[in-house]
Amino acid sequence: MSKQQLDFETISVRGFSKGDKVTGAISYPIYQTATFKHPELNKSTGYDYSRTNNPTREEVENTLSLLEDGTGALAFSTGVAAISACIHLFKPNDHIIISEDLYGGTYRLFNDIYSVFGIKASFVDTSNLEEVKSAINKNTRCIFIETPSNPLMRVSDIKEISEICKKYNLLFIVDNTFLTPYLQKPISLGADIVIHSGTKFLGGHNDVLAGFLVVNNLEIYNKLKIIQNSIGATLSAFDSWLILRGLKTLSIRVKKAQENAIEVAKYLKENSKIENIYYVGLEDNLGYEVNLKQSKGFGSMISFRVKDKNIIPKILKDLKVISFAESLGGVESLITYPFTQTHVDMPNKLKEKLGVDERLLRLSVGIESIRDILNDLKSVLED
Ligand SMILES: *Cc1c(COP(=O)(O)O)cnc(C)c1O
């Protein structure tokens, strides 16, 4: 796969192959087939069976790899399937250091599912480099971070952590779901594997589930390719096509959602019913400087804590433009309640330590009219 020649926006619109080479179709075809005919014994078109290889899936993998400055990418049926595939790189007694504030499903995977196989995880505040270093032991194989983190928007220093990983020979994995390659490119900052829940910004329309791994070298790619084919949670041809379509508008969606989010954050900051606001675009957010150094922007994810938890039911019931629903990164604005939704399987003690409490809400700002979004918030946050 050749290095990036064109600009990001151009690659995302045209895709890796710029449409179909055979017919000239501008939209890459959906190869809706389970299997492929062989011309004769010991000959293959390059495609044998769609779990192993499918042209539409390959197209979305190659396109995302270009956008993330990777060596190759692999597409999975969901984000957690992509994360699960990564875990198969490890063996019993291997130890992994993970951001403590992160997507609840990732926490559940490491803590509840893979701990049974003897893979040990330490959840630490990866925005604190001293904490990261002191968590390393002789069995540590990997550092896994999310930045900005979910839901508290903590920022971890990708470059600094990549230096630690080099020094101790650790694999470095970054979940880049929140900022997308349009705003942040972890591989260029030293990450080995970038994870995406393609369900979020890459798809962008709340209509498809997908997951991706983008890698920076062929050796890991080949290992993960075998894991992907063996476990089988691959992305279907149609869903690959939906992500290709989503990618075409990624830059303008991310830009517009961020513009809206900045306005929303300013409004929430001034509102007397709100105690704290977490948005990496606010100068007084803890990770503001580090985020600025390593990305081109702030994204559109905002969490906030209200002063009185009793207003939460009304907020969630009465919002009309913003929907009360899980997920994020789509054109529609969504609000979630991490305490009982995305982070329900995180132990109460950790939730308490992090501040994922009964007063915290998480907002994924969409691309609707900013006037309508603000009026919606005003209708539930002003008497
Ligand atoms: C949603 C999400 C995931 C999981 O992805 P699914 O597509 O829901 O399986 C992983 N990481 C982050 C940061 C997410 O927001």
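Seven strands make up an open sheet of mixed pairing, ordered S1-S7-S6-S5-S4-S2-S3, where two strands count as paired if DSSP finds at least two bridges between them. Helices (H or I, at least four residues) and strands (E, at least two) are DSSP runs numbered from the N terminus. At the edges lie strand S1 (72–76) and strand S3 (120–124), each of which pairs on one side only. From one strand to the next, the twist averages 20 degrees; axes are lines fitted to C-alpha atoms, for helices over the stretch in contact, and angles run from 0 to 180 degrees between N-to-C directions. The model is predicted: local features need pLDDT of at least 70 and side-chain atom pairs pLDDT 80 or more, whereas totals for chains, interfaces and linings use all residues. Residues are numbered from 1 along each chain as its sequence is written, and side-chain values use heavy atoms, with hydrogens and water left out.

S1 and strand S7 (residues 211–215) run antiparallel and are joined by five bridges; Phe-76 has Gly-211 of S7 as its bridge partner. Helix H2 (residues 55–67) lies across S1, strand S6 (193–197) and S7, at about 130 degrees to S1, contact meaning heavy atoms within 4.5 Å. Helix H4 (residues 104–113) lies across strand S2 (95–99), S3 and strand S4 (140–146), at about 140 degrees to S3.
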